[in-house]
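The following exercises concern one predicted model and are to be worked with the sequence and coordinates in view. Each task is followed by a stepwise solution.

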Amino acid sequence: MVNENKVRLMTKLTVFEENKGRRPFDIGDYYKSDFISKNLIFGFIAGTIAYAIGFGFWAVYNEEVLVEKLLTIDFGRIVFGVIVGYAVFMVLYLTVCYLVSEYKYRKTIKSLKSYKKALKKLENW
Amino acid sequence: MDNLFEIKTRIVTFVEKYETYVKPASRFVLMLTAYLMVYFNISYYSKINVIFIPIILSVACALLPLSLGSVVLGLYTAANLYGLGIEIAGVFLALLILTYLLYFRFTRDKGMLLVLSPVANFIGVPYALPVITGLQYQPASSVGVLMGTVIFGFLKGIKANADLLLASEDLKTTKLHIAVEQIIANKEMWLILGAFFFTSVIVYFIRRLAIKNSWRIAIVSGIVVQLLIILIGKLLLGNPYGIVGLMIGSIVSGLICLIFRFFAFDLDYQRIEHVQFEDENYYYYVKAVPKVLIPVKDVKVKTFNETKVKREEGIEEEIAKEFDIDPKHLKNNKDINE
């Protein structure tokens, strides 16, 4: 005889596995600090490339002014401006990375806990 | 109104039933529109200027996830821009990389917004997207719409300067400058980006308020605020052209948002799930159907006023019985009070 409650539980577990795939389990393998650190490192690389592209656009657009300034004003001042801009951008971008990864980890662990609870219930059936 | 709800249920039931076909078909329509938009407007590279290419790519993208489909579409667009010069294609690719670095790292499943945004801009109803984003997702998701708008603004600018770009064949720096100018110096595009982001935030916060008709209020407020920002911005920039188009676009976008609300509000689009598993005794092939939909024919309309009147009549009879008076007397008094 088919046990309806057991079928319901197994269906819920399978739907979770099929819809979410491996990703929640991959995230669940990390400690919170490791997961956030990993995201911050990738964020640092992505942010640096993004800033370089943005700066490249700006430099091409202001090419004439930039060349003129390089000739008249001291080079150090321009480099200082670029570094300060980069620092401000990275602080903002890495803050967003931190908040997003922290939220994602918290949400995934919560859903994994419910999944594991249901799995344990099934094992003890 | 009941008929409308019945139509809604029928449509949703149909989509749920034939989801396997409806999803790729809708993806195909969206991707085909985007590919044809590129083909008919910016196909500058003669070697790939064949109608079969966008059609074949649309079919392929219909079978891929939308995020991957948007990458393929981006590469096809870059290949077309290569006809104007490697600098133009390079700037476009840099723009794509920027989008993926800043946005898709966080939300991989919202590739649809990036494709939908230029298409909606091209049709003339881009004002619906920030509102729908605010209704359905979090304000951060509007970045997809914003990047789509940047890409559209860039392509529009390149198309407008195509003759100049083809004429300046030997001047690489000029081409590069013109291409970057379409992004940085396009003040109207930056105005629209600001308006879109602000609209998404406003709509998101209003629809979350615990008030009646929060979704409707959010839609109307979003459309009005967006219209005002763009209108004032245009006047400040000294570019009053296209105001009639803006008004019409906003009205049509408002209607699109209301239709979207009708289908999306208070409806959990859970899918019908087909799952297979086994235990020690059986193999199970389960079809799990979500409970959210009421069968069309079983809808019963209950008038609550009738119950209230009956209940009031019952109370009158009880009071009359308790105080040993004629119930008609109470009814007469009620008529006088009314």
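**Exercise 1. Confidence**

Determine where in chain B confidence is lowest and where it is highest.

*Solution.* This is a predicted model, in which local features need pLDDT of at least 70 and side-chain atom pairs count only at pLDDT 80 or more, while totals for chains, interfaces and linings use all residues. Residues are numbered from 1 along each chain as its sequence is written, with chains lettered from A and ligands numbered from 1 in the order in which they are written.

Step 1. The average pLDDT of chain B is 81, and 80% of the residues score at least 70.

Step 2. The lowest confidence in chain B falls in helix α15 (residues 327–337), with a mean of 51, and the highest in helix α11 (residues 187–207), at 92. Helices (H or I, at least four residues) and strands (E, at least two) are DSSP runs, numbered from the N terminus.

Step 3. Where pLDDT is low, the predicted coordinates should not be read in detail.

Step 4. For the complex, the predictor gives an ipTM of 0.78 and a pTM of 0.75.

**Exercise 2. The form of chain A**

Compare the radius of gyration of chain A with that of a compact globule of 125 residues.

*Solution.* Step 1. Chain A contains 5 helices and 0 strands.

Step 1. The radius of gyration is taken over C-alpha atoms, and the globule rule is 2.2 Å times the number of residues to the power 0.38. A compact globule of 125 residues would come near 14 Å, but chain A has 25 Å.

Step 2. The C-alpha trace of chain A spans about 90 × 25 × 15 Å along its principal axes.

Step 3. Of the 125 residues in chain A, 10% are buried. A residue is buried if 20 or more other C-beta atoms lie within 10 Å of its own, exposed if 12 or fewer, and partly exposed in between, with C-beta atoms placed from the backbone.

**Exercise 3. The interior of chain B**

Why is B:A218 classed as buried?

*Solution.* Step 1. B:A218 belongs to helix α12 (residues 214–237) of chain B.

Step 1. B:A218 is buried because 25 other C-beta atoms lie within 10 Å.

Step 2. Leaving aside neighbours within four places in sequence, the contacts of B:A218 include B:G134, B:L135 and B:V203.

Step 3. Helix α8 (residues 142–160) of chain B is also mostly covered, with 15 of its 19 residues buried.

Step 4. Across chain B, buried residues make up 31% of the 338 residues.

Conventions
pLDDT = per-residue confidence, 0-100. Contact = placed C-beta atoms within 7 Å.
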